[in-house]
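Hi,

Here is the structure I promised to pass on. Please have a look at it first, and then read my notes below.

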2 protein chains.
Amino acid sequence: MKNTIKVERAKKNWTQAELAKVIGISRQGLNSIETGKFIPSTVLALRMAKAFDTTVEVLFQLEDTEG
Amino acid sequence: MKNTIKVERAKKNWTQAELAKVIGISRQGLNSIETGKFIPSTVLALRMAKAFDTTVEVLFQLEDTEG
DNA sequence: TTATTTTGTCAATTATACTTGACAAAATGA
DNA sequence: TCATTTTGTCAAGTATAATTGACAAAATAA
């Protein structure tokens with residue numbers, strides 16, 4: 001799964017630590033999600049989408065092999 | 001977190017077992033998600049949204065306390 | 001360059017999603 | 001009613017998400 005967290009974060013000029021705090025997760029946890037190391041829960045995806053004023057689908061995209 | 005899986009499933013006239021197969025999860029796993037026992041991964045949420053031709057936000061809603 | 005912040009990553013632990021197998025309750029259909 | 005399908009739930013196990021603490025690489029600012 002791909003994500004556009006880094007881009008959305010840049011738009012808001014937020015650090016990983018700041019975003020992590022907003023969505024209630026550790027900085028390392030957010031880093032692992034952002035770098036594709038692991039897949040977040042739907043609650044975290046929804047919180048992130050809300051924080052960025054966007055949708056889960058804009059933030060996260062299934063790969064062709066994951067469809 | 002609330003969800004509208006049961007309703008979307010009814011629209012398509014799918015059983016839990018059928019939907020579970022489509023998204024690549026066990027029947028009991030899907031049941032636990034549908035009944036709110038646990039929170040699915042974002043990949044599963046995206047697959048479900050795709051299967052239902054809808055969005056993650058339509059399928060899953062944060063409670064006021066989870067925002 | 002030097003100092004500071006930000007990011008990436010590791011190890012070890014904890015929490016939880018997801019699995020299979022099983023069985024009963026509930027719903028559906030004959 | 002009787003049979004069949006569907007759903008809910010339990011237990012025990014596996015997989016993985018998420019945690020903290022730590023440290024170095026990379027980026028940013030002075």
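A polar contact here is a pair of N or O atoms within 3.5 Å, and within protein one of the two must be able to donate a hydrogen and the other to accept it. Please keep in mind that this is a predicted model.

With that cut-off in hand, take a look at B:Thr42. A polar atom of the B:Thr42 side chain lies 2.8 Å from the backbone oxygen of A:Pro40. B:Thr42 belongs to helix H4 of chain B, which covers residues 42–51. Is B:Thr42 buried or exposed? B:Thr42 has a relative accessible area of 1%, so it counts as buried. Setting aside neighbours within four places in sequence, its contacts include A:Met1, A:Ile39, A:Thr42, A:Val56 and A:Phe60.

Now for the interface as a whole. Chain A and chain B each bring 19 residues to the contact. About 1,500 Å² is buried between chain A and chain B, and carbon and sulfur atoms give 67% of that area. On the chain A side, A:Thr42, A:Leu46 and A:Glu57 supply 34% of the area buried against chain B, more than any other three residues.

What about polar links? Eight residue pairs are in polar contact across the interface of chain A and chain B, counting pairs with both residues at pLDDT 80 or more. The count of salt bridges between chain A and chain B is zero.

The elements giving two or more residues to the side of chain A that touches chain B are helix H4 (42–51) and helix H5 (56–59) of chain A. H4(A) gives the most, with seven residues. By class, that side of chain A has 10 nonpolar, five polar and four charged residues.

Best wishes

Key. Residues numbered from 1 in each chain as written. Chains lettered and ligands numbered in written order. Predicted model: local features only at pLDDT ≥ 70, side-chain atom pairs only at ≥ 80, totals over all residues. Heavy atoms only, no water. Helix = DSSP H or I, 4+ residues; strand = E, 2+ residues; numbered from the N terminus. Buried < 20%, exposed > 50% of the residue type's maximum accessible area, 1.4 Å probe, protein only. Contact = heavy atoms within 4.5 Å. Buried area = accessible area lost by both parts, 1.4 Å probe. Salt bridge = Lys/Arg side-chain N within 4 Å of Asp/Glu carboxyl O. Nonpolar A, V, L, I, M, F, W, Y, C, P; charged D, E, K, R; others polar.
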